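I opened this notebook to keep track of what I looked up, entry by entry.

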Amino acid sequence: MSKKRPGGESLPSAPSTATGPSPDHEVPAATPAPDPKRWWALAVIALAQLMVILDGTVVNIALPSAQRALGMSDADRQWVITAYTLAFGGLLLLGGRIADLVGRKRTFVIGLAGFAAASALGGAAAGPGMLFAARALQGAFAAVLAPSALSLLATTFTGPKERARAFGVYGALAGGGSAVGLIVGGLLTEYLNWRWSLYVNVPIALAALLGAPAFLRDRSGRRSGHLDVPGALLGCGGLVALVYGFSEAEPRGWSSPSVLTPLVAGVILLAAFVWWQSRAASPLLPLRIVRDRVRAGSLATMGLATIGMFGVFLFLTYYLQVVLGYPPVRTGLAFVPISAGIVIGATQIAARLLPRTAPRTLMSSGMVLAAAGMVLLSSLTVHTQYVTHVLPALLLLGLGMGLTFMPVYATATAGVPAQDAGVASAVLNTVQQMGASLGTVLLNTIATSATGRYLHSHVRGPDADGATLDQGMVHGFSVAYRCSAGVLLLAALVAGLTVWHRTPKHAGHDAPA
């Protein structure tokens, strides 16, 4: 008689009657006593996660003001975003493994302190170069902080009900933080100035730093072994090349050598990385982590979900501000329903159902709901009312994201030995970051092409009037939203076909010595 783990490996029901599993997958017989300070630890982790997620969108709102204040050219302004995404996406795997080697609590504190210092440096920037450098430092410290936070959460909450509640909060922040960032960015930019979009991270980080020593408990990690330097160079180099290629595709076009060269180089480097990981004595990313079918399915679901979802914030911001004429603060407030939907979906629905419901049911249902919201958005026109079309779509998208992200985080980090929790968390964060980067470029390319075709067929004279330009823009958004709906339905299918097992009753234990 045997039972199944999420990845499908058979575990003996009694040690005396069957051969035990491999040391990398062994689960201790006794469940460790829960940490009495675990809910305070969740508050500290949540603060750090909120800070990282906020930073992804709060700076976007402030970018026009920063460009004017620092005299940035149109060609250079993208580096405010690209410098962060390059460092963050490229260094996540390295940051996750460093957390496993030196201790997740220690790297969590280092990441917090470094992120706060880099944010203060960026807020005080006297010129574009100083701001670009500060943003790159933010991304580097975020690459250490994000996997440390998620792995601390995974190893702190092991019981099914408490784990579901904790990941419900984490999933709500991960999904809703971007929308909150738009609100905060609009308020800070309109009523203070753009520098506060960076300074705001400092008090958040300080609050988390005060709580970290008292409430965080770092379960034993991989204290022996060494850093896989060739793996770090190949893996990080490949990810940096891909992120750079994606970021350059929008301004230069997919056929540009400046885009094709880094993309091809990234693929080659990552292929070499996989080859090396199968042979390295102490690999940066043990391949058993991604070979697990359920975990691989969860990662694929997350990647597809972020590819499809990222167009919501990008296109809807333009629609509300350019077409409907909303000011920045009103634009930010217009995204409140999606944040509310994510919180409800993650904490009140998914967190309650996950302990007794298969994760694939929640993930697939969430993606179908989100796809329905995208279909509603695809029917927008230049005369559409917010309450009748945008609001219902945002509520559906929020509920769908909450129902999906929460079980994805819980399932993708379940069953991982504690000594690999950091790098497993980094893989999930990497997939999310790469999905966002790729989704932005692909959907923007689709929207721009559709807008160009519309204007080519509707403009008879040398110039188009404002109304026609708005109609062309909205048409492009509609085509992109329909493509997003297709990607989200594909995510629902992937989750339904691959994530076949429940989250284990106890996950994230320390691996036995």
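Entry on A249. I looked up the contacts of A249 (contact means heavy atoms within 4.5 Å) and found that, not counting residues up to four places away in sequence, A249 touches W254, V259 and V441. The model is a predicted one, in which local features need pLDDT of at least 70 and side-chain atom pairs count only at pLDDT 80 or more, while totals for chains, interfaces and linings use all residues. I also noted that residues are numbered from 1 along each chain as its sequence is written, and that side-chain values use heavy atoms, with hydrogens and water left out.

A249 lies in helix 8; helices (H or I, at least four residues) and strands (E, at least two) are DSSP runs, numbered from the N terminus. A249 counts as buried because its relative accessibility is 2%, where buried means under 20% relative accessible area, exposed over 50%, and partly exposed in between, with a 1.4 Å probe and protein chains only. From C-alpha to C-alpha, A249 and L442 are 8.9 Å apart in space, although 193 residues separate them in sequence.

Entry on S256. Where does S256 sit? I found S256 in the loop between helix 8 (229-252) and helix 9 (257-277), and its relative accessibility of 12% makes it count as buried. Its C-alpha is 9.9 Å from that of G245, a residue eleven places away in sequence.

T430 belongs to helix 16 (residues 421-458) and is buried at 8% relative accessibility. Apart from residues up to four places away in sequence, T430 touches G89, L92, L93 and L239. S65 has its place in helix 1 (residues 38-70) and is buried as well, with a relative accessible area of 18%. Leaving aside neighbours within four places in sequence, I found S65 in contact with T189 and W194.

Entry on charges. Which residues are linked in a network of salt bridges? A salt bridge is a side-chain nitrogen of Lys or Arg within 4 Å of a carboxyl oxygen of Asp or Glu, and by this rule I count two salt bridges. The network links R97, D100 and R104. D100 meets R97 at 3.0 Å, N to O, and D100 also forms a salt bridge with R104, with the closest N and O atoms 3.0 Å apart. D100 and R97 are separated by about one helical turn, because they are three residues apart in helix 2 (residues 79-102). D100 is buried at 0% relative accessibility, R97 is buried at 3%, and R104 is buried too.

L187, Y191, L192 and W196 make a nonpolar surface patch of about 440 Å². Patches are made of residues with over 30% relative accessible area and no salt bridge, like charges being joined within 9 Å and nonpolar side chains (Val, Leu, Ile, Met, Phe, Trp, Tyr) within 5 Å; accessible areas come from the Shrake-Rupley method with a 1.4 Å probe, and for residues only the protein chains shown count as cover. L187 is found in helix 5 (residues 160-191) and is partly exposed, with a relative accessible area of 37%.

Entry on the whole chain. I noted 17 helices and two strands, and 56% of the 513 residues count as buried.
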